[in-house]
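Hi everyone, thanks for making the time. I'd like to walk you through one structure today, strand by strand and pair by pair. Let me put it up on the screen.

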Amino acid sequence: MGNEFFQPLGSNGRACSTCHLPEEGWSVTPQGLQQRFKDTGGTGPIFRTNDGANSPKAKTSTLKARRSAYSMLLNKGVIRIGLKVPADAEFELDGISDPYGFATAKDLGPLFELSLFRRPLPATNLKFLSAVMWDGRETAPGRSIRYDLARQANNATTGHAQGQPLSQEQRKHIVDFETALYTAQIYDNDAKALNVSGAKGGAASLSKQGFYQGVNDLSGDSKTGLPSDPVVFSLYGVWDGLTVSAPADIRAAIARGQRLFNTKAFIISGVPGLNDAPELGGSSVINGTCSTCHEAPNAGSHSVARFLNIGISDAAQRTADMPLYTLRNKMTGGALQTTDPGRALISGKWQDIGRFKVPALRGLAARAPYFHNGMAKELGNVLDFYDRRFQLGLDNRERLDLILFLRAL
């Protein structure tokens, strides 16, 4: 706890651990945030208008005002990220609908900052990263993940914590701490211990899991050249077929869920970054499984820095609490609406609008809600989205089995 990760190194009382709590999967959860709001009256370090509030101009002089100002943080566990459209982008900002009144038509211009609401990614299991941040903005081409994490720690201190740049020693200490962390579910209230009878749940097993950039990649393993193996998770196969009373029946369900994750086939189409990727053949239709995108063995992350658009930030998914941006292609004049341009605000490319990285899956149960914008309150809501998007065709038993497996990661 003496590490700089836990020290308020900025000017507003925040530390890395303000938004990355061990008891909340090294992220934050609405439940935990609501308790912190209650304990501090909405004045604790995470409740700062620069990025914790719905708008940097939000009023916070009263308890009622603070509850309104921080409603997105309290309800969805999202932090406001302010990013500009790159000057050389292939698109321009043509319109905005902001429920918080931060931006109006007269604000549109080169200095305008988009408000993007995103979940803090877990500061653990970083060994399995191929890109840092949802949009990869802290990933430097040709540099190591350690370099990227050091840059991220510094930018978080100068930005989120409103502090001065960290020394090289401070950055190293934080990265040393973060990269030594492994987090995974070790106990389930119904299945009990997840590392018995040959099962490999828990962080100890995860810490021994091999990983390198491009392992089991869809375009072929970067070292072996072998095609991607859809059997990504192998934690609970020894429990497959158990049929006796609890907890063995729940363990058998977890094993069935793992098998579904690896093998349940469905059609993947219309996913920019995947169906149009030249290195993957540019196929408009892919017969895939959950492990098609969550390919890193027993981690579930993407083993290369590939950004995908599955439609989370599409206008059709917008809820009333999210801003909506209209972007116009400078070349074609075509327009597109999104709640978050994602990777496009880093690359400036029209084709990257709505693309985000594929996150690792271990420790899921501790850090709801899900997706970059917190739109899925529970794991069941995640499956609801994928079922609508890709017609998974799960029956009730398969749905429950898959949830139980995801809960045991």
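Let me begin with a term: buried means under 20% relative accessible area, exposed means over 50%, and partly exposed is in between, with a 1.4 Å probe and protein chains only. What you see is a predicted model, where local features need pLDDT of at least 70 and side-chain atom pairs count only at pLDDT 80 or more, while totals for chains, interfaces and linings use all residues. Residues are numbered from 1 along each chain as its sequence is written, and side-chain values use heavy atoms, with hydrogens and water left out.

Let's start with β1. Four of its five residues are buried, so the strand is largely enclosed by the rest of the structure. Which way does β1 pair with β3? The two are antiparallel, over five bridges; two strands pair if DSSP finds at least two bridges between them. Ile 79 has Arg 118 of β3 as its bridge partner.

Keep an eye on Arg 118, please, as we turn to salt bridges. By that I mean a side-chain nitrogen of Lys or Arg within 4 Å of a carboxyl oxygen of Asp or Glu. The structure holds 21 of them. Arg 118 forms one with Asp 340, with the closest N and O atoms 2.9 Å apart. This pair links distant parts of the chain: Asp 340 is in the loop between β10 (335-338) and α9 (344-347), Arg 118 is in strand β3, and 222 residues separate them. Both partners are buried. They also belong to a network of salt bridges that links Arg 118, Asp 135, Arg 137 and Asp 340.

Back to β1 for a moment. Arg 80 and Glu 113 meet through their side chains in a salt bridge, 3.3 Å from N to O. Arg 80 is in strand β1 (residues 79-83) and Glu 113 in the loop between β2 (91-97) and β3 (114-118), so the pair ties together parts 33 residues apart in sequence. Arg 80 counts as buried because its relative accessibility is 4%, whereas Glu 113, at 23%, counts as partly exposed.

One more pair: Asp 321 and Lys 76 form a salt bridge, their closest N and O atoms 3.1 Å apart. Here, too, distant parts are linked, with Asp 321 in the loop between β8 (307-308) and β9 (324-329) and Lys 76 in helix α4 (residues 71-76), 245 residues apart. Lys 76 is buried at 13% relative accessible area, and Asp 321 is partly exposed at 24%.

Now, an open sheet. What is the order of its three strands? It runs β2-β9-β10, with antiparallel pairing. β2 and β10 stand at the edges with a single partner strand each, so one side of each has no neighbour in the sheet. Four bridges join β9 to β10, and among the partners are Tyr 325 with Thr 338 and Leu 327 with Leu 336. These two strands form a hairpin with five residues between them, and Gly 333 in the turn has a positive phi of about 85°.

That's my tour; I'm happy to take questions.
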